[in-house]
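Thank you for sending this model for comment. I have set down my reading of it as numbered points, to be followed alongside the coordinates.

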Amino acid sequence: MSKRANDGSKKLRGALMTTRGAPGASFSEGEPPALISTTPEWDALKRHKEEIIDGTHLRELLNDEERNEALTAEYNGVYCDFARQRVVPETMEKLYDLANAAGLKDKINAMFEGEHINSTEDRAVLHVATRAPRDKVINVDGKNVVPQVWDVLDKIKDFTDKVRDGEWVGATGKPLTSVVAVGIGGSFLGPLFVHTSLRTCPEAAEGARGRQLRFLANVDPVDVARSLNGLDPETTLVVVVSKTFTTAETMLNARTVRTWITASLGKEAVKKHMVAVSTNLKLVSEFGIDPDNAFGFWDWVGGRYSVCSAVGMLPLSLQYGFDTMEKFLEGAWNIDEHFATAPFEKNLPVTLGMLSVWNVSFLGCSARAILPYTQALAKLAPHIQQVAMESNGKGVSIDGRPLPYDTGEIDFGEPGTNGQHSFYQLIHQGRTIPCDFIGIIKSQQSVYLKGEIVSNHDELMCNFFAQADALAVGKTDVELRSENVPTFLIPHKTFTGNRPSLSIMLPALNAYSTGQLLAIYEHRVAVQGFVWGLNSFDQWGVELGKVLASKVRVSMSQKRTTGELEGSSDGFNSSTTAMLNRYLKGKAQLKYAEAEDVFPCDLIDSDECRPPTSYV
Ligand code: F6P
C-alpha cells in the first residue's frame with residue numbers, strides 16, 4: 001500500500017519546523033494549527049467518498065479477492081480483516097495521507113517522548129511507561145520514569161506474594177482470600193474487564209484457586225450489599241483505588257467498607273485489611289491507610305488508561321499472581337512498540353483508528369458496536385466506552401476552538417451471540433453502526449458433544465463469521481422473490497447490506513492477548529483524537545455534574561436537619577426543588593436517628609441476592 005505512509009511523517013516533521021498553521025503543529029508554539037477539516041487531504045477523502053464509495057456496495061467489493069487480501073493486517077498473532085469496511089485500497093492511502101496531514105507520527109512520538117501533550121492539565125501521557133520493560137528509558141521532564149514504575153511493580157509482587165502465600169494475614173491471623181477493590185471509572189472498569197477476561201482462562205484460573213476478587217464501584221447501598229454479601233471481614237482485604245483519592249463515590253464507599261472492617265475487627269485492623277492505590281499518597285495517609293501499604297502511580301497516567309499501573313496490577317495480582325499479570329503487561333507493551341514503530345499501513349491501532357475516523361467523519365456513523373464472540377470479553381465494551389467516549393467526546397480542538405465536525409462515537413456492545421438476540425435487529429435493518437467483531441481461535445473452555453456436527457465454540461464462531469457477512473452483503477428483493485417470499489413481506493425481509501464491520505481474531509484469550517487487545521483499543525482512540533486535533537487525555541465534561549451534586553448534598557442535609565421543605569429557597573430551579581422535596585418526603589424518616597452503622601449485606605442470605613457473576 002501507500003509508500004507515502006512511511007515517508008510522509010519525515011517530510012511532515014521537516015515541514016513542521018518551517019510551516020506555521022499545519023494541523024500537525026498542534027504541540028508547537030505560535031499560530032494555531034489549521035483544523036484537519038480544512039486540509040486538502042480531508043477534501044480529497046470527501047471527494048473520494050462521493051465519486052467512488054457512494055456508488056459501491058460491499059456485496060460487490062467483497063468479490064474482489066485482491067482487494068480483500070489488501071485489507072487485512074496481522075501482527076504477532078492478532079489478525080485483523082477490514083474487507084467489510086466501506087473502503088478500497090485507495091481509501092486507505094488517502095486515510096494515511098490524512099494521518100500524515102494531521103502530524104500523526106509526530107504526535108505519537110511526542111506521547112512516547114513524555115511531552116506534555118495533555119495541555120489543559122499540563123501533563124505527559126505515558127501509560128505506555130507502566131508496561132515498559134525494566135531496561136527501557138522513558139523520560140518525563142528529563143527523568144527516566146521506568147525505574148519508578150518497576151519500584152512499584154516490585155512492591156506489588158512482594159506484597160501480593162505475601163498475601164497469597166499466607167505470610168501477610170488479617171488482624172485475627174487468618175489468610176486474606178477475598179479482595180474487594182473499591183474504585184470507579186478508570187479505577188474500576190479496566191480491572192473489571194481484565195478480571196472478566198481471565199476468570200475462565202485455565203492458566204490464570206489456576207493461580208486464582210481459593211481466592212475471590214470483587215468490585216465496589218457505584219455509590220449505591222445496593223452495590224455495597226452485593227459486593228460485601230457473604231464476605232467475612234476477617235479474611236477480606238480491601239484495596240481502595242482512586243487516582244485523586246477525592247472521588248466522592250469512592251471515598252464514601254471506602255469509609256463504608258472501613259467501618260464494616262472496624263465494626264467487627266477494631267480500628268487497628270485497618271492496617272492489615274486496607275491498602276490503597278493512588279497518586280495522592282498524602283490523602284491516603286490522612287484516610288488512615290498506612291503509607292507503607294500504599295501503591296503509587298503518577299499524574300502522567302490518565303485514570304481510564306491506568307489498568308496497567310497499580311490500579312489494575314495490585315488487585316489482579318492478588319487474584320491471579322504477579323507472574324500472570326506480568327504477561328498482561330508484556331502483551332500491552334508488545335502493541336506499544338508496534339504502535340510506535342510500525343509503518344502506518346501495517347500498524348493495527350493506526351489503521352483501526354483511521355477507519356473509525358472514516359466511519360465517523362466521512363460516512364457519518366455516530367456509533368460503534370463492540371461485539372466480542374467470547375463471554376470472557378463481556379466487560380470489554382464497558383471499558384472501551386470510558387476509554388473512547390471520555391477521551392474523544394469533545395467539542396473543541398486541543399487549543400480550544402469549536403470543532404466544525406463531530407468527534408468520538410457512541411460505544412456499546414455485548415458478547416455475541418447474546419447481542420444478536422437483543423439489538424442486532426437495529427444494526428441489520430435500522431441505523432448503520434460500524435461493528436467490531438472479535439473472535440478467538442482457541443476457546444478458553446471446551447465443550448464437545450458427541451453427535452453434534454460442530455463444537456460449542458465452533459457454533460459460536462459460525463455466528464461470528466455469519467453476522468459480518470449478513471451486515472455487509474444483506475439480502476435483496478430479487479433473492480427473496482426467488483424464494484417465493486410473499487410480496488407484502490419482501491420489504492420487511494430485505495436487508496440493505498453495505499453495513500461496515502471489521503473482524504479481529506486472536507489465537508487465544510489469555511493474559512498476554514488481553515494486554516494486546518487493551519493496547520490496540522487505547523492507541524486506536526489516541527489516533528482518532530490526534531487526527532481530529534483534540535485533547536484525548538482530559539475530561540472536563542465530567543466536572544459540572546460533580547459540582548452540582550455537591551450543592552444538592554449540602555441542601556439535602558440542611559433540609560433533613562431542619563425538616564423544612566415547604567417554601568424553602570434552596571437555589572435550585574422549581575423542578576429540581578419539587579423532586580428533591582418529594583424524595584425527602586418519600587423517605588421513611590426525614591431526620592436520621594442517632595447515627596448507627598447499617599450494612600444491608602447482612603440482611604441478604606439467599607442465592608438470588610448474590611452478586612452477579614460478572615462482579616465476583
Ligand atoms: O469520571 C471522571 C473520572 O475522573 C475518571 O476519569 C476517572 O477514571 C474516575 O473519575 C475516577 O477517578 P479517581 O481514580 O480519581 O477516583
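The points below concern a predicted model, and they take up a sheet, a ligand site, a tryptophan and a hairpin in turn.

1. The parallel sheet. Five strands make up an open sheet, and they follow one another in the order β6-β5-β7-β8-β9 with parallel pairing. The edges are formed by β6 (212-216) and β9 (294-296), each of which pairs on one side only. Between neighbouring strands of this sheet the average turn is 20 degrees, with direction ignored.

2. The β5 and β6 pair, and the helix on it. Strand β5, which covers residues 178-182, is joined to β6 in the parallel sense by 5 bridges, and S178 is the residue that stands opposite Q212 in β6. Helix α10 (residues 221-228) packs on the sheet, where it touches both β5 and β6, and the direction of α10 makes about 175 degrees with that of β6.

3. The ligand site. Which residues are closest to the ligand? Of the 13 residues that surround the ligand, the closest are S187, S242, T244, T247 and E390. The ligand taken alone exposes 390 Å², and the protein buries 86% of that.

4. Apart from neighbours within four places in sequence, W150 is in contact with A132, P133, R134, F322 and E326. W150 also lies 8.3 Å from T130, C-alpha to C-alpha, although 20 residues separate the two in sequence.

5. Strands β1 (residues 72-75) and β2 (residues 78-81) run antiparallel and are joined by 4 bridges, with T72 having D81 as its bridge partner in β2. These two strands form a hairpin with 2 residues between them, and N76 in the turn has a positive phi of about 45 degrees.

Definitions and conventions. Residues are numbered from 1 along each chain as its sequence is written. This is a predicted model: local features need pLDDT of at least 70, side-chain atom pairs count only at pLDDT 80 or more; totals for chains, interfaces and linings use all residues. Side-chain values use heavy atoms; hydrogens and water are left out. Two strands pair if DSSP finds at least two bridges between them. Axes are lines fitted to C-alpha atoms, for helices over the stretch in contact, and angles run from 0 to 180 degrees between N-to-C directions. Contact means heavy atoms within 4.5 Å. A residue is near a molecule or strand if one of its heavy atoms lies within 4 Å of it. Accessible areas come from the Shrake-Rupley method with a 1.4 Å probe; for residues, only the protein chains shown count as cover.
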